[in-house]
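Subject: Handing over a structure

Dear colleague,

I am passing a structure on to you, and you will find the sequence and the coordinates just below. After them I have set out what was found, going from the whole chain down to single residues.

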Amino acid sequence: MQFGQKGPRDPNDRVPPGQTLTQGWPVLHYGSVPYYNDMSKWDLRLFGLVEEEVTLSYKAFMALPRKEFTNDIHCVTTWSKLDNVWEGIAVSELMQLVKLKPEVTHVMLHAEHGWTTNLPLADFLLETSFLGIRHNGVLLTPDHGAPVRMVVPHLYFWKSAKWLRGIEFMAKDKPGFWERNGYHMYGDPWKEERYDFD
């Protein structure tokens, strides 16, 4: 059973309703693309409802154990790309660095330019969620979220925040940038949770 689903679906069915397969990797974002010329100025902050806030330098982040992940990704703009091979850092590795307070239920992903998106803590902690640095053997390009993007493949791809700079742990849900601008609070592609018209 897929996380968030009310019932089982055919495991051979890999393309959600309303999606079209692509061999490419379309580039979609809001605002300008950040470029990093000096990685000593990049860091990743783990904050919010934690016992002690942690800020990782780029060097410290890149020293964390990495692993390979293979998944399908589905964009809210109706394209899907199958069999992506990533190199990244599992969320479980990151979580060894912080102790959460018991009231945490959600996370907010913070990216460059003030871009944010929300996730339930349970989704963030899934073994399929990770912080990606390579895609199909190549370091991520700035257009695709370099140096680090969140990857949450079971949700629409806007939840996989590009240019990740912070993870905030929260006691309740709240909308991020796209959710404040009409996108669904959760974003399950199998339920076509694209937009929230309420």
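Of the contacts in the protein with a separation of 6 or more, 68% are accounted for by residues 24 or more positions apart. Please keep in mind while reading that this is a predicted model, and that every value below was computed from it.

The overall build comes next. The protein has four helices and 11 strands, and its C-alpha atoms fill a box of roughly 40 × 40 × 30 Å when this is taken along the principal axes. A compact globule of 198 residues would have a radius of gyration near 16 Å, and the protein agrees with that, since its own value is 16 Å. Buried residues make up 48% of the 198 residues, while the accessible surface comes to about 9900 Å², of which 52% belongs to carbon and sulfur atoms.

In soluble globular proteins, nonpolar side chains tend to be buried together. Here the largest nonpolar core has 51 residues, and those with the most contacts inside it are Phe61, Phe124 and Phe169. Strand β5 gives the most to this core, with four residues. To see the surroundings of one of these phenylalanines, you could look at Phe169, which, leaving aside residues up to four places away in sequence, touches Leu46, Phe47, Gly48, Leu49, Val50, Met95, Leu100, Val104, His106, Val107, Leu121 and Phe124. Phe47, which is among the residues that Phe169 touches, also has Arg45 lying over the face of its ring, at 3.8 Å from the ring centre.

The aromatic residues deserve a separate look. The structure holds 11 aromatic pairs. Another pair, Trp178 and Tyr183, is tilted, at 5.1 Å centre to centre and with 50° between the planes. Tyr183 has a relative accessible area of 15%, and as anything under 20% is taken as buried, this residue is buried. Trp178 and Tyr183 also belong to one aromatic cluster, which they form with Tyr156, Trp158, Phe177 and Tyr195.

Glu87 is found in strand β5 and is partly exposed, with a relative accessible area of 25%. Not counting residues up to four places away in sequence, Glu87 touches Arg66, Lys67, Leu131, Gly132, Ile133 and Arg134. Glu87 and Ala146 are 59 residues apart in sequence, and the distance between them in space is 13 Å, C-alpha to C-alpha. Ser129, for its part, lies in the loop between α3 (121-124) and β8, where it is buried, with a relative accessible area of 1%. Leaving aside its neighbours within four places in sequence, Ser129 is in contact with Ala90, Val91, Asp123, Phe124, Met150, Val151 and Val152.

Most residues other than glycine have a negative phi, and most peptide bonds are trans. Trp163 is found in the loop between β10 and β11 (164-170) and is buried, with a relative accessible area of 4%.

With best wishes

Conventions
Residues numbered from 1 in each chain as written. Predicted model: local features only at pLDDT ≥ 70, side-chain atom pairs only at ≥ 80, totals over all residues. Heavy atoms only, no water. Phe/Tyr/Trp six-rings, centres within 6.5 Å; stacked < 30°, edge-to-face > 60°. Buried < 20%, exposed > 50% of the residue type's maximum accessible area, 1.4 Å probe, protein only. Lys NZ or Arg CZ within 6 Å of the ring centre and 35° of its normal. Helix = DSSP H or I, 4+ residues; strand = E, 2+ residues; numbered from the N terminus. Contact = heavy atoms within 4.5 Å. Core = buried A, V, L, I, M, F, W, Y, C linked by side-chain atoms within 4.5 Å. Rg over C-alpha atoms; globule rule 2.2 N^0.38 Å. Areas by Shrake-Rupley, 256 points an atom, 1.4 Å probe, with all protein chains shown as cover.
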